[in-house]
Amino acid sequence: MTEMIRFVQGNEACVEGALYAGLEFFAGYPITPSTEIAELLSGRLPTNGGKFIQMEDEIASMCAIIGASLTGHKVMTATSGPGFSLKQEAIGYACMAEIPCVIVNVQRGGPSTGNPTHVSQGDINQARWGTHGDHSIIALTASNHQDIFAMTVDAFNLAETYRTPVVLLLDEAVGHMREKLTIPAKDELQIIDRLRTSLGKDVDYHPYLPREDGRLPMSDFGGDHRYNVTGLYHDMWGFPSANPKVVNQLLRHLVDKIENNVHAITRYKEYYLEDAHYIMVSYGSSARSAIHLAEERRKRGERIGVLELQSIWPFPTEVVREKCAAARAVVVVEMNMGQVLAQVKSAVEHPERVFLANRIDGKLIAPHDIKKLLRVIQGKGV
Amino acid sequence: MAVTDYLRQRFFPHMWCPGCGHGTILNSLLRAVEELELSKNDIVMTSGIGCSARISGYVDFHSLHTLHGRALAFATGVKLSKPELTLLVPMGDGDALAIGGNHFIHAARRNIDITAIVMNNRIYGMTGGQFSPLSGPGVKATTAPYTTIDANFDVVKLAIAAGASFVARSTAYHARESTEILKKAIMHKGFSVVEILSQCPTHYGRKNKEGDAVAMLELHKTNTAKLGSKQLEENPNLVARGIFIQEERAEYCIEYGKIVEHAQRRNVK
């Protein structure tokens, strides 16, 4: 056993996961509460030949990692609300040009400068629709340090598999709290690298011609195949095109390559769901309170369980529908005004049985906050 | 190789207007690459958005056509992740110094080995003729119907102050001179800035009564003078052409390489 046990912050678990996944290039800008990720990587990356750069702003950080991904490296940046807003145009570029990259957003209270040192989960919809235009994207989240590690590794694997930006939505509470992390032995978790073209140097390479399975083998900048990368609609050579057929095909490809693989991308955990009359759907640090409450109530014989979402986008509609099918009521536990609530309501058969237990004041939602709502739902009075 | 070997002829005809100076600058640049005998596989051209930015589609290098103003930020990622590549970053005046101004000064400050070419036609051409931060006061544009009151940047002074270790200026009229300057800029180890005055007869020339492309090219000739020339000495109002600064200074990727060595030595201990 070469496993290593550490006592770390969530942000550090993310760093460990990224290095385990093969991170080679990080560009960032200081912002609370994600700064520790940049600080730690500035020390760690050069020790294994990787590169760290502190850019002049959040936009430049996002652009720099896209550039570094094109030379064939695994890349990541980390930020929080205001920085996530600034990165959106370049995230759209990575969607359009199909560049693998990982963006960590350690969420804090918004809008605007908001509540920088306090927890929130207000960027769920921004992760999905922050950049303009139709597109699809992958977003993962985690509620504890072991899962942050695993989801960070998964974020890289999915980015490299689907040639897409992957957003890792952490929050201030999981990012800053300390708990145990067991770093898996080498090769214990699967690491996926991008597909690279096997075409020889004099063969015409079509960088944007998807294979039958929708995947596009890449060629590193500096290699034998010289091609154009653009944020404009483009043909199979990467050359700009406004041809309606080309535009139509490309947009459908960008959406389908992710939405058609929602089953492969979906990640979740379940606690006491088998016979549950009441189901709490939650994620991130909120899920810790939901799980705590479920454990407590199970001891008293109440049939209550938790569905913890670890992938938020593409939204795991079918999983939510199936798991919640027999529930008398579903309580979405989150720290925003109901962003995942809306998704759950549209996923289940009886949206009128879906309720929101939330906190939006910068304080971590506690089991107590959920209990109050549960009493009403269960008909036990206010 | 012939100059045409550096072009993706599949993508022609280009989208520049008749009389535009950008094609001439592309010519100067390709001749510089040809005379330096650089391998096409070693060159990455990164550009932003605008008329000038379309240049990256036409060249047979690795090409990265990015976002408005962000070409240097993308280029920084490419270069630092693979320092053996040669980075050419042509930009328009608005692209480089309005929306991209921050990236411009910081790339200069880092002295990262990238060649930035500011194709300065003093106007936003692609959007139809709005004034840019290089237009200067007294210029007519679609967003300045009563003429501009905005002062302009001096690209050369700005680049030098920000830390670029090679800074030069030429014009589309002086195509041969541009090639010689670009050769030196590309070979320079550090951040190099070459401002090349270009002409936009469609928007700038028409609005400001500078005449057609030929008349505007004539202005490149009559309004400029070589650094150190008697002509410039006698008429300091002329725009100076030539190499303003060429210094050996610590280059970012080389310095980072030292950090990597240091970190690895420390890690072994």
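# Notebook: a look through chains A and B

I started with residues 49-196 of chain B, where the chain is 34% helix and 22% strand and the end C-alpha atoms sit 18 Å apart. Helices here are DSSP runs of H or I with at least four residues, strands are runs of E with at least two, and both are numbered from the N terminus. For that stretch I looked up the record: UniProt, in an unreviewed entry, has the feature "domain: Thiamine pyrophosphate enzyme TPP-binding" at residues 49-196 of chain B. UniProt positions are in the numbering used here, feature names are shortened, and annotations may be inferred rather than shown by experiment.

Ground rules I noted: this is a predicted model, where local features need pLDDT of at least 70, side-chain atom pairs count only at pLDDT 80 or more, and totals for chains, interfaces and linings use all residues. Residues are numbered from 1 along each chain as its sequence is written, chains are lettered from A and ligands numbered from 1 in the order in which they are written, and side-chain values use heavy atoms, with hydrogens and water left out.

**Entry: two helices of chain A**

I checked how H1 (residues 10-21) and H6 (residues 145-162) of chain A meet: their axes come within 8 Å and cross at roughly 40 degrees. Axes are lines fitted to C-alpha atoms, for helices over the stretch in contact, and angles run from 0 to 180 degrees between N-to-C directions. From the H1(A) side, the contact (heavy atoms within 4.5 Å) includes A:Gly10, A:Ala13 and A:Cys14. On H6(A), I found A:His145, A:Ile148 and A:Phe149 among the residues involved. By class I get 9 nonpolar, 4 polar and 1 charged residues. Ala, Val, Leu, Ile, Met, Phe, Trp, Tyr, Cys and Pro count as nonpolar, Asp, Glu, Lys and Arg as charged, and the others, Gly among them, as polar.

**Entry: A:Gln9**

Is A:Gln9 buried or exposed? It is buried, at 14% relative accessible area; buried means under 20%, exposed over 50%, and partly exposed in between, with a 1.4 Å probe and protein chains only. A:Gln9 belongs to strand S1 (residues 4-9) of chain A. Not counting residues up to four places away in sequence, A:Gln9 touches A:Glu36, A:His145, A:Gly175, A:His176, A:Met177 and A:Arg178.

**Entry: strand S4 of chain A**

Next I went to S4 (residues 75-79) of chain A: 5 of its 5 residues are buried, so the strand is largely enclosed by the rest of the structure. I looked at each face: A:Val75, A:Thr77 and A:Thr79 are on one side, A:Met76 and A:Ala78 on the other, and all are buried. Strands pair if DSSP finds at least two bridges between them. S2 (residues 25-28) of chain A runs parallel to S4(A), joined by 2 bridges, and A:Phe26 stands opposite A:Met76. S5 (residues 101-109) of chain A is also parallel to S4(A), with 4 bridges, and there A:Thr77 has A:Ile103 as its bridge partner.

I zoomed in on A:Thr79, which has 0% relative accessibility and counts as buried. Beyond its neighbours within four places in sequence, its contacts include A:Ile31, A:Ser34, A:Glu58 and A:Phe84.

**Entry: the open sheet of chain A**

Which order do the 5 strands of this open sheet take? I read S11-S13-S12-S15-S16 in chain A, with mixed pairing. Strands S11 (268-271) and S16 (354-358) of chain A are the edges, each pairing on one side only. The twist from one strand to the next averages 20 degrees. Helix H12 (residues 339-347) of chain A packs on the sheet, touching S12, S13, S15 (329-334) and S16, at about 155 degrees to S15(A). Helix H13 (residues 367-377) of chain A lies across S12, S13, S15 and S16, at about 165 degrees to S15(A).

Most residues other than glycine have a negative phi, and most peptide bonds are trans. I found a cis peptide bond between A:Thr32 and A:Pro33, with omega about 0 degrees. A:Pro33 is in the loop between S2 and helix H2 (35-44) of chain A. In chain B, the bond from B:Phe12 to B:Pro13 is cis too, with omega near 5 degrees.

A:Ser112 has a positive phi, near 55 degrees, and is exposed at 62% relative accessibility. A:Arg163 also has a positive phi, near 50 degrees, but is buried at 3%.
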